[in-house]
Every structure is written in structure tokens, then in C-alpha cells.
Amino acid sequence: MRIAVVSDIHANIEALRAALRIIDDKRVDRIVCLGDVVGYGANPNECLALICQRTPFIVLGNHDEAAFDLSRLHHFNPHARVAAQWTHAHTTKENQDILRGLALAMDVEGALFVHGSPCRPGEWNYIITREDAQHNFGSFDQAVCFVGHSHVPEIFLQKPAQAKISKLDRTNRCIINVGSIGQPRDGDWRLSFGILDTEEWTYENVRAEYDVRSAYRKILEAGLPRILAERLLVGK
Ligand code: ZN
């Protein structure tokens, strides 16, 4: 089975539509979404409707949680806080109920999917360093765990390898960050997602351009902080 793993769409409908077009071309059997469908961008309702149309496999992200529960903003920086309040005010009651119903973690085809980290996923901790990853390998049994949250694509192996890997190794467990659809932060503005092939046991990170100018313009027109538009152009 080929599974497309998308994360951190962040209400960027232009990026989501572009990613889904590529996913359709690549003959994927299933889509799993790692959360943060909403927050930062100008199209939260449209993004939630589209991703729900394409997959039932969606886990909760911290921005999804904030959209229905504003008491959960303590870990948000000032711009994220403004965006979360805007999102809460502009997300329909029905969509807030959908977000409220999302699980924190999900096993699909023997792989684990969470937004931030498998160790206490509701605390929204980041996996940034090798040490963070090592700390988390004890929290799950699967050969691979997919995460998002940092918006930086990365593969963390339990036993470090010298070369960059293309084929996964079932005897060397890994944590894979698929990067972000709607707000990449690794210095590359192009959308990022992953494709896992569970038969071949391969993983591919896909990067692609999208209509970033429209996403940029809509954020400004919505009255969201300017920095949220500017950062899309530089991928930071
Ligand atoms: Zn995010």
C-alpha cells in the first residue's frame, strides 16, 4: 500500500490543492493527515472540508485544538496566538466539532501517526534533535512513526547510519517528519509531504511549488499578521 502523509496544512488551500494533484498522479492508496489542518492561513473551513473529503485518517494538531478550545494557547507565540484567535472566530461550529472529534494518535497499516511526538502526544512536544528522537523511540512499538509539528522534513533513525537513506530498514526503526504542506520552515518555500510504500518499504519526501502568491495575498486581506504571509515566500 502506498500512503501519502501530509501535515501542517495550516489553512493554505492553494498548497493543499497542489499537493492533492501530485498525490493523485502518484497513485496513492491512502492519505493520512498529521494535523494542524487550520491555523495561520486564510482558508480553515475550505481546507478541513477538502481533507475530510479525501481521507478519514486525520489526527489532531495543536492549532486544531486551539480552534475549538482557546484555553489551550499557553504554548503559542504572539503571532500564533493572534492566528489561533482569528481561526477560532472564522471556523464554523460544525468544523470545530469535527476537530474536537480527532484522535491524538493513529495506527494505519502498522505505522504510527501523531502530530508532535509519540510520547504524550497531547503535550505538543517537538522532535528537533537526535536526542529528542531517541527519547521517543521507547514510546511506540511500530517500525516507523510519522510526525509533523516542526514543519522541517527529516528522518531520525534509531541506530544512526552514515549515508542518507532512500530505502527504509525494518530492523532500524525511524521517526519521519514529513514537513509542512502550508507553511514550510526549512528555508525552502515549496510544500512538503511524504509517501510511504508499505510493500517496498520505501519513503519519498516530495517537494513542489504552488500558488504561494494567492495564499500570501489572502492572509493580508484577512487582516492576519503580515509576518504569516511573508514567511510563506521564504519558507521560514
Ligand atoms: Zn503546525
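Buried here means under 20% relative accessible area, with exposed over 50% and partly exposed in between (1.4 Å probe, protein chains only). The model is predicted, so local features need pLDDT of at least 70 and side-chain atom pairs count only at pLDDT 80 or more, while totals for chains, interfaces and linings use all residues. Residues are numbered from 1 along each chain as its sequence is written, and side-chain values use heavy atoms, leaving out hydrogens and water.

Helix α7 spans residues 212-221; helices (H or I, at least four residues) and strands (E, at least two) are DSSP runs, numbered from the N terminus. Its buried residues are Val212, Ser214, Ala215, Tyr216 and Ile219. Their cover includes α1 and α8 (226-234), where contact means heavy atoms within 4.5 Å. After α7 comes Gly223, with a positive phi near 80°.

In α2, the buried set is Pro44, Asn45, Cys47, Leu48, Leu50 and Ile51. Among the elements covering them are β1, α1, β2, α4 (78-90) and α5 (93-100).

Then there is the zinc ion, held by Asp8 (OD), His10 (NE2), Asp36 (OD) and His151 (NE2) at 2.0 to 2.4 Å. Donors are N, O and S atoms within 2.8 Å of the metal (3.2 Å for Na, K and Ca); water is not among the atoms, so sites may look incomplete. Along the sequence, the donor residues follow the spacing D-x1-H-x25-D-x114-H. Asp8 sits in the loop between β1 (2-6) and α1 (13-25), and Asp36 in the loop between β2 (30-33) and α2 (44-54), so the pair ties together parts 28 residues apart in sequence. Both Asp8 and Asp36 are buried.
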